[in-house]
Amino acid sequence: MSVNAISEQTPMIEVNNVWKQYDDNVVLEGLNVTVNEGEFVTLVGTSGCGKSTFLNMLLGTVQPSKGEILLNGQTIPSEPGPDRGIVFQQYSVFPHMTVLENVMATKGFQRKGMSGYLFGQNRSQARKDAQQILDQVGLNHALNKYPHELSGGMKQRLAIAQALLGRPRILLLDEPFGALDPGIRADMHELVLNLWKELKLTVFMVTHDLKEGFYLGTRLWVFDKLRHDPQAPHLYGAGITYDLPVGKMDQSIYQQIDDNLRPLPEHVA
Amino acid sequence: MKKLINQKPNKTLKLFLVLLPFVLLIILYMASSEARLEINPNDKLLPSFSQIADGITRMAFEPSKRSGEYLFWQDTASSLSRLGMGVLIAAVLGLIVGMVTGALPLFSAWMSPLLTVISLIPPLAVLPVLFIVFGLGELSKVVLIAIGITPFIARDIQRRTQEIPAEQIVKAQTLGANTSQIMIRVLLPQVMPKLIDAVRLSLGAGWLFLIAAEAVASTDGLGYRIFLVRRYMAMDVILPYVAWITFLAFFIDVALRQLNQKLFPWHAQGGKS
């Protein structure tokens with residue numbers, strides 16, 4: 001809790017002693033953190049260290065084995081919902097809809113109804129909103145293309161636009177740029193940072209790339225095992241070994257943390 | 001010389017290779033037919049092409065002496081309407097059952113094992129039951145086709161529904177979608193082209209059940225006619241009927257494939273998100 005002493009506001013997310021295990025295999029152990037509204041948290045760590053598991057708990061597709069996660073003081077819903085948007089590394093958009101339809105679908109899903117199709121005035125309003133957000137992410141030239149005609153970066157822009165039109169308060173990003181070229185990745189970083197500031201989102205981003213973790217966001221979590229038993233490595237789960245405020249720090253501290261963590265990328269798979 | 005596995009025919013050679021077996025078969029038939037007719041001009045087993053043409057004219061272009069109808073066309077219409085009805089019912093049922101079991105674990109739990117057992121019942125073995133329950137009219141034939149291919153379509157659609165990445169279903173929920181919206185807006189459109197493919201694959205079995213049902217109890221239809229004229233060894237009618245059924249099957253298959261490409265361009269181009 002002391003990490004967030006800087007701000008007086010009540011935390012948006014409270015993680016209380018969360019464990020996750022599959023049979024004997026402990027993935028996460030004893031997680032205790034709080035996150036305030038508007039933070040941009042990046043989660044790094046080795047493969048299989050539980051960072052994606054934690055993200056899925058926030059998403060609602062995975063439930064903790066022990067402990068609880070509170071969202072605004074309430075237990076976080078155990079299924080995905082419109083308050084938490086998600087962008088996956090792939091399969092995030094609907095292949096049978098054009099770019100415009102993909103984004104308009106968000107508006108259709110928000111109206112209560114059987115089919116999620118829009119008609120008449122709702123439809124033209126949704127089209128307007130969709131075009132506006134596609135403008136914002138730079139996809140206005142590809143409105144009538146199908147996802148398979150888009151490049152990897154454009155697909156992720158589309159996935160982000162789709163998620164944001166749902167006006168989520170939390171945006172979850174599961175290695176969203178892992179498959180992209182470095183140049184395009186930089187563009188995407190800028191896009192995400194701009195949207196985060198503009199829409200005052202709370203963002204959780206899982207990444208393999210430690211640099212990305214440092215460059216983006218206000219807070220960096222490193223997931224790793226706290227204890228090691230060489231005979232039975234599955235008996236101990238991972239926890240958050242570093243919880244660092246980043247972004248606003250000056251260059252020397254940045255360098256110091258960077259040096260501290262330097263060995264990490266070598267055992268990243 | 002390249003290895004055999006790397007050798008591909010060019011365009012001309014390919015066309016030649018496509019036509020070659022058909023031409024050889026026709027030549028073989030003509031030669032055999034001629035040889036037999038030379039020995040016995042009244043031989044019925046391998047009629048000449050002119051005899052077959054006579055047979056076709058008699059069935060298709062001259063009204064029947066008994067009923068005044070053009071039998072060939074009437075048979076075609078009856079058979080196609082039975083097949084169409086049966087396949088349509090099977091497609092609708094298969095789509096609903098397949099999607100429900102593929103998308104909703106609570107329904108899959110009791111429907112999937114049931115479906116597996118039902119799909120193992122040989123449809124022809126229950127044909128007598130259908131005749132007893134539904135009578136000898138159109139209904140029992142349509143039901144046989146529907147019963148015969150619904151389990152196949154349902155299981156195929158179930159698998160196709162499960163193949164759709166879970167990420168899409170999670171994503172739709174984070175956009176606010178409820179269960180029926182996900183099924184109608186996300187799953188159904190992606191399963192539709194697979195449904196047409198499943199129908200194409202099941203049409204062979206559909207024809208089988210149609211002809212079997214017509215052979216056993218009917219008053220018209222392509223299968224009925226073939227089995228009727230068998231009594232007179234009328235190969236000059238049987239052979240063109242078989243060729244016509246083959247052509248219809250081929251034509252329906254091509255038409256469905258083109259319909260698929262037209263209706264679902266994203267699928268034809270390999271859209272996988």
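## Helices α8 and α10 of chain B

P193(B), I196(B), D197(B), V199(B), R200(B), L203(B), W207(B) and I211(B) of α8(B) are in contact (heavy atoms within 4.5 Å) with I245(B), L248(B), A249(B), I252(B), D253(B), L256(B), R257(B), L259(B) and N260(B) of α10(B). By class, this contact has 12 nonpolar, 1 polar and 4 charged residues. Ala, Val, Leu, Ile, Met, Phe, Trp, Tyr, Cys and Pro count as nonpolar, Asp, Glu, Lys and Arg as charged, and the others, Gly among them, as polar.

This is a predicted model, in which local features need pLDDT of at least 70 and side-chain atom pairs count only at pLDDT 80 or more, while totals for chains, interfaces and linings use all residues. Residues are numbered from 1 along each chain as its sequence is written, chains are lettered from A and ligands numbered from 1 in the order in which they are written, and side-chain values use heavy atoms, with hydrogens and water left out.

Helix α10 covers residues 235-263 of chain B, and its axis lies 9 Å from that of α8(B) at an angle of about 165°. The two are therefore roughly antiparallel (angles over 145 degrees). Their crossing is right-handed, that is, the near helix is turned clockwise from the far one by less than a right angle. Axes are lines fitted to C-alpha atoms, for helices over the stretch in contact, and angles run from 0 to 180 degrees between N-to-C directions. Helices are DSSP runs (H or I, at least four residues), numbered from the N terminus.

E101(A), A105(A), G108(A) and F109(A) make the contact from α2(A), and Q181(B), R185(B) and V186(B) from α8(B). These residues divide into 3 nonpolar, 2 polar and 2 charged. The crossing of this pair is right-handed.

## Helices α3 and α4 of chain B

The axes of α3(B), residues 71-103, and α4(B), residues 105-120, are 7 Å apart, at an angle of about 125°. The pair is therefore oblique, and its crossing is left-handed.

On the α3(B) side are V97(B), V100(B), T101(B) and A103(B), which meet residues of α4(B) including F107(B), M111(B) and L115(B). The contact has 7 nonpolar, 3 polar and no charged residues.

## The largest pocket

The largest pocket holds about 600 Å³ of space. Among its 20 lining residues, M59(B), S64(B), R66(B), L71(B) and R225(B) are the closest to its centre. The lining divides into 9 nonpolar, 4 polar and 7 charged residues.

Helices α2 (49-61), α3 and α9 (222-229) of chain B each supply at least two lining residues. The most come from α9(B), with 4 residues. A pocket is an open set of points on a 1 Å grid over the protein atoms alone, where a 1.4 Å probe fits, with protein on both sides within 12 Å along at least five of seven lines; lining residues have an atom within 4 Å of a point.

Key:
Angles under 35 degrees count as roughly parallel, over 145 as roughly antiparallel, 65 to 115 as roughly perpendicular and the rest as oblique. Grid points are joined across faces, edges and corners, and a volume is the space filled by probe spheres set on the points.
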